[in-house]
Amino acid sequence: MQVDKELDARGLNCPLPILKTKKSLADMTTGQVLKVVSTDCGSVKDMQAFSNQTGNELLASTEAGGEYTFLLKKK
Amino acid sequence: MKKMAIIATKGTLDMAYPPFILGSTAAALGYEVQIFFTFYGLQLLRKDLSDVKISPLGNPAMPMPVPMPVMVQMLPGMESMATMMMKDKLKKKGVAPLEELRSLCQEADVKFIACQMTVDLFDFEKSDFIDNIEFGGAATFLEFAGDTDICLFV
């Protein structure tokens, strides 16, 4: 899948991964895909909740080696 | 648009986090947010946040590296030491400093209202506070709070 922008949120704790995701999405256009990498295990539920409430679709949410990767499609 | 109102009444480091975390996150989720700072909560709007501290005294739930009797907790310098240790821990765990969360709130248009009565009560100067805040009273806050989806007292 084509990723239009990446956000490295590693080492950041709640609520920074969400706040930085919001900021990153702000200067993207509808349909573009943002990849976020986080080390905060709380961000798994939070990213889903962010998606549910803002309408930016969560295309993928995966974990590997203590890192969480999310793909969000800008609304 | 959903709305959230928070009343921030505490001026300690631990109690400073919830209003700024919830405020900034709610704004990111599309909420219109107002935070009313009153009594000790007003400390959170000062330019200088160095008076915002944490104390193990009277706070038995605070995790300590070693058990510490109350008689020791009350010694001079303990509050500053506990504050330094907590800030260090917050930094290590990737939790944003208060100043950063406060700026993020303002960037996201969270409205800060300073309680005018408390400003008078504690003889604060308006120049003590950060820019872009409003000063108002209970009626000002309630006008917004009366129409919110979430209203919290911290």
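A:Arg10 has a relative accessibility of 41% and counts as partly exposed. Its value falls between the 20% and 50% limits, so it is neither buried nor exposed. The model described here is predicted. In this model the side chain of A:Arg10 forms a salt bridge with that of A:Asp8, with N and O 2.9 Å apart. A:Asp8 is also partly exposed, at a relative accessible area of 47%.

The pair belongs to a network of salt bridges that links A:Asp8, A:Arg10 and A:Glu67. Over all chains, a search of the whole structure gives 8 salt bridges. Side chains of opposite charge can pair when their charged atoms come close.

## The sheet of chain A and its helices

Chain A has an open sheet of 4 strands, arranged in the order β1-β2-β4-β3, with mixed pairing. Its edge strands are β1 (5-9) and β3 (57-64) of chain A, and each of these pairs on one side only. On average, and with direction ignored, neighbouring strands of the sheet are turned by 15 degrees against each other. Strands of a sheet pair through backbone hydrogen bonds, either parallel or antiparallel. In chain A, β1 runs parallel to strand β2 (residues 33-38), and 5 bridges join the two. One residue to look at here is A:Ala9, whose bridge partner in β2(A) is A:Ser38.

Helix α1(A) lies across β1, β2 and β4 (67-73) of chain A, and runs at about 160 degrees to β1(A). Helix α2 (residues 43-54) of chain A packs on the sheet and touches β2, β3 and β4 of chain A. The direction of α2(A) makes about 5 degrees with that of β4(A).

The loop between β1 and α1 of chain A holds A:Pro15. The peptide bond from A:Cys14 to A:Pro15 is cis, with omega near 0 degrees.

## Where chains A and B meet

In the contact between the two chains, 14 residues of chain B meet 14 residues of chain A. The size of an interface is often given as the accessible area lost when the parts come together. For chain B and chain A this buried area is about 1100 Å², and 64% of it is on carbon and sulfur atoms. On the side of chain B, the residues that lose the most area to chain A are B:Ala28, B:Leu29 and B:Gly94, which together account for 43% of what that side buries.

The count of salt bridges between chain B and chain A is 1. It joins A:Lys23 and B:Glu107, whose side chains meet at 2.7 Å, N to O. Helices α1 (13-28) and α4 of chain B each supply at least two residues of the side that touches chain A. B:Glu107 and A:Lys23 form a salt bridge, their closest N and O atoms being 2.7 Å apart. The pair runs from helix α4 (residues 98-107) of chain B to helix α1 (residues 16-26) of chain A. A:Lys23 is partly exposed, with a relative accessible area of 42%. Across the interface of chain B and chain A, 4 residue pairs are in polar contact.

## Inside chain B

Helix α1 of chain B contains B:Tyr17. Is B:Tyr17 buried or exposed? At 10% relative accessibility it counts as buried, because this value is under 20%. Leaving out residues up to four places away in sequence, B:Tyr17 touches B:Leu90, B:Val95, B:Ala96, B:Pro97, B:Leu98 and B:Leu101. The side chain of B:Tyr17 also reaches the backbone oxygen of B:Ala96 at 2.8 Å. From B:Tyr17 to B:Val52 there are 35 residues in sequence and 11 Å in space, C-alpha to C-alpha.

Elsewhere in chain B, the side chains of B:Lys3 and B:Asp147 form a salt bridge at 3.2 Å, N to O. B:Lys3 is in strand β1 (residues 3-8) and B:Asp147 in the loop between α6 (138-145) and β5 (150-153), so the bridge ties together parts of chain B that are 144 residues apart in sequence.

## Positive phi in chain B

B:Phe39 is a residue other than glycine with a positive phi, near 45 degrees. B:Phe39 sits in the loop between β2 (32-37) and α2 (70-73) of chain B, and is partly exposed at a relative accessible area of 33%.

B:Asp109 is not a glycine either, and has a positive phi of about 65 degrees. The loop between α4 and β3 (111-115) of chain B contains B:Asp109. At 65% relative accessibility, B:Asp109 counts as exposed.

How values were computed. Residues are numbered from 1 along each chain as its sequence is written. Chains are lettered from A and ligands numbered from 1 in the order in which they are written. This is a predicted model: local features need pLDDT of at least 70, side-chain atom pairs count only at pLDDT 80 or more; totals for chains, interfaces and linings use all residues. Side-chain values use heavy atoms; hydrogens and water are left out. A salt bridge is a side-chain nitrogen of Lys or Arg within 4 Å of a carboxyl oxygen of Asp or Glu. Buried means under 20% relative accessible area, exposed over 50%, partly exposed in between (1.4 Å probe, protein chains only). Two strands pair if DSSP finds at least two bridges between them. Axes are lines fitted to C-alpha atoms, for helices over the stretch in contact, and angles run from 0 to 180 degrees between N-to-C directions. Contact means heavy atoms within 4.5 Å. Buried area is the accessible area (1.4 Å probe) that two parts lose on being put together, summed over both. A polar contact is a pair of N or O atoms within 3.5 Å; within protein, one must be able to donate a hydrogen and the other to accept it, and residues adjacent in sequence count only if both atoms are side-chain atoms.
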